[in-house]
Amino acid sequence: MRLLTLLFCLSLCTGVRAQSTPLTYENEDGDVHLAGPIELADLQAGPFAEWYAENAAKTPEVGQENWSENLEDTKVTIYLGTWCGDSKEWVPQFVSLWEKLGLSADHLEFIALYNGDEKYKQGPYGEEKGRQIHRVPTFIFERDGEEFARIVERPRTDLLTDVAQIALGYPPEAQYFAANYLLEKLEAEPLDTINANLRTHFRAIRRKISSPGELNTLGYVLLRSGRTDEAELVFRINAFVFKHMPYVLDSYAEVLQLKGKNAEALSLLDHILDITPDDERVAELAVNLRKKVDERE
């Protein structure tokens, strides 16, 4: 009996060690990165220690901020990429500020996401699903299991001001309004309903879209996670807003081709060549796609 108890304890200890060891992977350049749930200590060690310490040191000193008490019961889930420049800059500063405000780092949860085409901004166990993650870092503030604020990629003003506004109940609108807007709709409504009201959504998006890259990034996040129909919608909207932006049209053509809509994709490639006639890659794609379209006819 004593032997069985000892073996059971050993197995528990082994399990604890296994859980505390972060998942790592190598990118195409051979650099090691983290994936999935990690501990703060994982960011402060190994190949990440230098940039973590350098950016944590940028956090200014703070005074006696009474409003910080409002965050004592707050959990913040931080989605990041150890490959991402914005994550390297803002995650260490956020943690440092949090601790300088007298708040417990035990209330911070860290989820590292993959980079690369196959699992673009995804976690190994789908940790990002349902959380509307399209940029990293994303800081999600929750109380009693309910989200009440988030910071997407970087502060709207400066980090201290954004956190103060959140604590005081006036959270600033997160960066990338158009992408956030579309993700909320995609989580809440069927795609057919969104398409039926596309003109209304388009007007809302066009007023606040920041750049062609905003929805282009979102489109690829959806595409790499297997949400092809939703990605098509996002690329379609982006191509309508930025009609003469070659890389936007190229992205839309890519998803159309994946869905077998070769004639539509070819029309976009031809339009790109009207804008940039010396683009050899697009010219080759157009030649190959034209053969497929002609074969079907």
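Tyr176 lies in the loop between α5 (159-167) and α6 (177-188), where helices (H or I, at least four residues) and strands (E, at least two) are DSSP runs numbered from the N terminus. This is a predicted model, in which local features need pLDDT of at least 70 and side-chain atom pairs count only at pLDDT 80 or more, while totals for chains, interfaces and linings use all residues. Residues are numbered from 1 along each chain as its sequence is written, and side-chain values use heavy atoms, with hydrogens and water left out.

Most residues other than glycine have a negative phi, and most peptide bonds are trans. Phi of Tyr176, however, is near 65°, a positive value in a residue other than glycine, and Tyr176 is buried at a relative accessible area of 13%; buried means under 20% relative accessible area, exposed over 50% and partly exposed in between (1.4 Å probe, protein chains only). Asp144, which is not a glycine either, has a positive phi of about 55°; Asp144 is found in the loop between β5 and β6 (146-152) and is exposed, with a relative accessible area of 76%. The peptide bond from Val136 to Pro137 is cis, with omega near 0°, and Pro137 has its place in the loop between β4 (108-112) and β5 (138-143).

## Salt bridges

The structure holds 19 salt bridges, each being a side-chain nitrogen of Lys or Arg within 4 Å of a carboxyl oxygen of Asp or Glu. One of them joins the side chains of Lys75 and Glu109 (2.8 Å, N to O). Lys75 lies in strand β3 (residues 75-80) and Glu109 in strand β4, so this pair ties together parts that are 34 residues apart in sequence. Lys75 is partly exposed at 37% relative accessibility, and Glu109 is partly exposed at a relative accessible area of 30%.

Another salt bridge is formed by the side chains of Lys259 and Asp229 (2.5 Å, N to O). Because Lys259 lies in the loop between α11 (246-258) and α12 (262-275) and Asp229 in helix α10 (residues 228-241), the pair ties together parts that are 30 residues apart in sequence. Salt bridges that share partners also join Asp86, Arg135, Glu153 and Arg154 into one network.

## A negative surface patch

Glu26, Glu28, Asp29, Asp31, Asp117 and Glu118 form a negative surface patch, a patch being made of residues with over 30% relative accessible area and no salt bridge, with like charges joined within 9 Å and nonpolar side chains (Val, Leu, Ile, Met, Phe, Trp, Tyr) within 5 Å. Within this group, Glu28 is found in the loop between β1 (23-26) and β2 (32-38), and Glu28 is exposed, with a relative accessible area of 84%.

Conventions: Accessible areas come from the Shrake-Rupley method with a 1.4 Å probe; for residues, only the protein chains shown count as cover. Lys and Arg count as positive and Asp and Glu as negative; His and the chain ends are not counted. The place of a charge is taken as NZ of Lys, CZ of Arg, CG of Asp or CD of Glu.
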